[in-house]
Each structure stands twice: as C-alpha cells, then as structure tokens.
Amino acid sequence: QAIYALPEFHQHFRRLRHLSVLYLNYNCVSDELLTTLGETCGGTLTDLNIKVHYMDPHFQRIWGMSWHFLRSACAKLQVAFIFERVLLYPDVKQCLLPDMPLSSLELTCNNDYVVHRDW
C-alpha cells in the first residue's frame, strides 16, 4: 500500500503541531495530508518542499481544493517542487495545480536520462 494511503501516516502528522518547514516525496502527498497540515500547522507552515522522482509511485492525484484549503490556512506558505528525471510536460503538469502557492520549480536530469513512459 502506498504511504499516502496508510492511516498510520496521517495519524502521525495529526500529532505534529507548528511545523514551519517540511520536505516530502510526492508519493507521501495526498488530499488528506494537505488538509491535516492546514488544520495542525495553520499559520506556522511556511515552506513545503516536494520532490518528484521518476521511480516513485505516482498513483494519487491531488485536488485543487486541497491546495486552496492549505493555502488559506497557511497564508505565508511557499511550495517548492523538484522534479528529478521527470521531464515530459504531461508528467509535470499532473503534479502542478493553479491553487498551489508555487514559489520554486526545479527540473533536473542526469546525462544518462532516458524518457520513462511508464511514469
């Protein structure tokens, strides 16, 4: 089961209060996590850094309303996305939504980059 779907994962984040900076892989992010962060870290979360790697599971889709809720709860929030070896536009587009307060975007690849169509 993917980590974003595990109840224990979300229970753990419900206990964390007053986070200001958080680094996560994309396979940890979900609508439920964004809602939880808005409820528990509203007003304190300022930096959310998300790394997307081509080998990570990517089955979940995040709704714009979840980003809107988090952005409303955390007025100073800035989101940074790092895409590692994910360079096809449709793959990047599915992760980036207009409602997220995106402040930084990084696309990286190695010299041995090969387009992975299974992503």
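Tyr26 is tucked away at 2% relative accessibility and so counts as buried, where buried means under 20% relative accessible area, exposed over 50% and partly exposed in between (1.4 Å probe, protein chains only). Phe81 is buried too, with a relative accessible area of 1%. This is a predicted model, in which local features need pLDDT of at least 70 and side-chain atom pairs count only at pLDDT 80 or more, while totals for chains, interfaces and linings use all residues. Residues are numbered from 1 along each chain as its sequence is written, and side-chain values use heavy atoms, with hydrogens and water left out.

A search of the whole structure turns up 3 aromatic pairs. Rings of Phe, Tyr and Trp (its six-membered ring) pair if their centres lie within 6.5 Å; planes under 30 degrees apart count as stacked, over 60 as edge-to-face and the rest as tilted. For Tyr26 and Phe81 the ring centres are 6.5 Å apart and the planes sit at 50°, so this pair is tilted. It ties together distant parts of the chain, with Tyr26 in the loop between E1 and H2 and Phe81 in strand E3, 55 residues apart. Helices (H or I, at least four residues) and strands (E, at least two) are DSSP runs, numbered from the N terminus. Ring pairs also bring in Phe83, linking Tyr26, Phe81 and Phe83 into a cluster.

Phe81 turns up again in the largest nonpolar core, which has 29 residues; Leu45, Leu48, Ile50, Trp67, Leu70 and Phe81 have the most contacts inside it. Two or more residues each come from helix H1 (7-15), strand E1 (21-25), helix H2 (31-41), strand E2 (47-53), helix H3 (64-73) and strand E3 (78-84). H2 gives the largest share, 4 residues. A nonpolar core here is a set of buried Ala, Val, Leu, Ile, Met, Phe, Trp, Tyr and Cys residues joined through side-chain atoms within 4.5 Å. Leaving aside neighbours within four places in sequence, Leu45 is in contact (heavy atoms within 4.5 Å) with Leu19, Ser20, Val21, Leu22, Leu37, Leu70, Cys74, Lys76 and Leu77.

As for the strands, E2 is mostly covered, with 5 of its 7 residues buried. E1 pairs with E2 in the parallel sense over 5 bridges, pairing being called if DSSP finds at least two bridges between two strands. Tyr23 stands opposite Asn49 in E2. Getting from E1 to E2 takes the chain through H2, and this β-α-β crossover is right-handed: with the strands pointing away from the viewer, the path from the first strand over the helix to the second runs clockwise. E2 and E3 also run parallel, joined by 7 bridges, and Leu48 has Val79 in E3 as its bridge partner.

Val21 lies in strand E1 and is partly exposed, at 39% relative accessible area. Its contacts, neighbours within four places in sequence aside, are Leu45, Asp47 and Asn49. The C-alpha atoms of Val21 and Thr46 are separated by 6.1 Å, although these residues are 25 apart along the chain.

Two loop residues other than glycine have a positive phi. His18, in the loop between H1 and E1, has phi near 65° and is exposed, with a relative accessible area of 60%. Arg85, in the loop between E3 and helix H4 (89-93), also has phi near 65°, but Arg85 is buried at 13%.
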